[in-house]
Amino acid sequence: MDKAEKSTWIKNPLKVWTGNQLGSTHSADGGIVVSGDRIVELVPQGATPTRNIHNTLDASGCVVMPGLINCHHHFYQTLTRAFPSALNKELFDWLVSLYPVWANLTEEAISISSELALTEMLLSGCTTAADHHYVFSDKTQNAIDRQVEAAEKVGMRVLLTRGSMSLGKDEGGLPPNEVVQTADKILQDSERLINAYHQQHAGAMVQIALAPCSPFSVTTDLMRDSASLARKHGVQLHTHLAETEDENAFCLDMFGLRPLDYLESVGWLSDDVWLAHGIHFNDQEIARLGKAKTAISHCPSSNMVLASGLCPAKDLQRAGSPVGLGVDGSASNDCSNLMQEVRQAFMLQRLKYGSSEFTHTDALHLGTKGGAELMRRTDIGELAVGKQADIAMFSLDEARFAGAGDPLAALVLCGAHRAEHVMVNGEWRVSHGELVSGDLTSLIEKQRAVAVALAS
Ligand SMILES: [Zn+2]
C-alpha cells in the first residue's frame, strides 16, 4: 500500500479550530483524518472515522489548527538581527545602515539564511511562507534558485518573489548602486524563474511572484514592465507600500502622487497584487484598495520596531481587501515566529479597534485563511475535506498555559510560540517540538559563522 492510500487519524484533540465557519460548531473535535497530501475526513466529537485507519497520532492536550501562512519576509535578514548600527532607527535610516552589509551577501549566505528562516517559522507552526528577496549583486545572481533548494530541504510550501531594485542613489533612489540591476537583467531573470519553478496546480509547493522592492528603489518603467510580465504568466505581484510617512513624502516629491495613486498609475491597483504593510492610507484609498481586492500583508512587529504606524486591518477587510500576516524581515522583527506574530496583531489591532472588535479568532484568521486569500489559494489555510494536509498542533502542557479556560484563546493570550507537531503536505515535519529531519544545531552554527563574516 503506498502512502497515498494510508490514512492517519489525528485523534483525541483538546480542540480543533478549522479556520472556517465549521470552527464554531466543534464538528471536528473527534479529530482529523489525512490520506496522502490531503485532509479526507473531519471526525465529529465522540465519533470514529468512517474509513480504515493505518496510523494514529494522539493529540491529547493539543489544539489542532491550520498551518500558519506567512505573507512577507526577507529570509536573508536573519543574518542581520539586532544589527548594532541599525538599532533604534526608522525605516530610511535603518535601510541606509544595512544596504552596504547586504551588498556583501553570497549565495551560500542566501542558502543558509533561507533554511534557517524557514526552519524557524516551521517550528512556530508555519507551513507556507512568502519571501521577498530583492538584493541581487554579482555574488547573488541565483539567489532565488538557492531559496527553492532550501524550501525543498525544509519541506515547506513557499511563494518566492523575484524582487528587484533598479533606482540607485545616483538616480535619486535610496539603495547604493552596487545592489541595483538593469531592467533588462531583472525581467530576463524573472521570466527564467517563473518558467523554471512556478507551479500552478492545487497543492503547489513552489510558486513565484514578481516584486519590485518599493517606489523609492525601482523605476516607473520597471513597475509597469514587471506587471506586464507577471500577467503574461499569471503570477502575482508584490511590493512594499504605504509603510511610512517618509515614503508618502518621497512619492509626492518624486512622482507628484501619493503612494496609492502612484501604484494605480503603473497598473498595480489590482487583485493580483499584495502589498506589505499598508499603513498610511486614507479612507478613500482604503475603499479603492478594497474595490480592487488588492491584498495587504500586515506586519505588526516590524511596524512597531520601526515605529512605522498601525495598519487598518479591519477597515481594509471590510472594504474587500484580503489581509494576511507577515513577520517581515528579521532585521526589523527580529524573529520569524508566526504564532508570536498572531499575538502581536491581536494586541496592536486592539489598540485601534477595541477589545470587542478584534478577537483572538480575528488574529488567527489573519495568520491562516487571510494569508491563503492573499495568495489566491483555496487549497490551504483551513482544515476541511479536500484541502491540503497543512496542520499545526500546539500543546497546552506548558507553564504558560496552566489554568487556561478557552484553549484556542489561550494560544493567543498566553503566548503560544512553539508548535508540538507540524504537518506540511501530508508529511510530519515537526514532531514533539523537534525537526523530523535536519540538524538544527549545525544549521545555527553555520548561520552564526556567515553572520559574523558578513558583519566584518
Ligand atoms: Zn519588508
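The model is predicted: local features need pLDDT of at least 70, side-chain atom pairs count only at pLDDT 80 or more, and totals for chains, interfaces and linings use all residues. Residues are numbered from 1 along each chain as its sequence is written. The domain assignment gives domain 1 (3-66 + 387-435) and domain 2 (68-374). Such bounds come from an automatic or database domain assignment.

**Domains**

- The C-alpha centres of domain 1 and domain 2 lie 30 Å apart.
- Their contact takes 25 residues from domain 1 and 24 residues from domain 2. Two residues are in contact if their C-beta atoms, placed from the backbone, lie within 7 Å.
- On the domain 1 side, β15 (391-395), α14 (407-413), β16 (421-424) and β17 (427-431) each supply at least two residues. α14 gives the most, with 4 residues.
- Helices (H or I, at least four residues) and strands (E, at least two) are DSSP runs, numbered from the N terminus.
- By class, the domain 1 side has 14 nonpolar, 6 polar and 5 charged residues. Ala, Val, Leu, Ile, Met, Phe, Trp, Tyr, Cys and Pro count as nonpolar, Asp, Glu, Lys and Arg as charged, and the others, Gly among them, as polar.

**Sheet**

- An open sheet of 6 strands runs in the order β2-β6-β15-β16-β17-β18, with mixed pairing. Strands pair if DSSP finds at least two bridges between them.
- β2 (15-16) and β18 (434-435) are at the edges with a single partner strand each, so one side of each is left without a neighbour in the sheet.
- β2 pairs with β6 (residues 62-66) in the parallel sense over 2 bridges. Here lysine 15 stands opposite valine 63.

**Helix α2 and its partners**

- α2 (residues 107-123) packs with α15 (residues 440-455) at about 135°, with axes 10 Å apart. Axes are lines fitted to C-alpha atoms, for helices over the stretch in contact, and angles run from 0 to 180 degrees between N-to-C directions.
- The α2 and α15 pair is therefore oblique. Angles under 35 degrees count as roughly parallel, over 145 as roughly antiparallel, 65 to 115 as roughly perpendicular and the rest as oblique.
- The contact of α2 with α15 has 7 nonpolar, 3 polar and 3 charged residues.
- α2 and α3 (residues 143-154) pack at about 35°, with axes 8 Å apart.
- The contact of α2 with α3 divides into 7 nonpolar, 4 polar and 5 charged residues.
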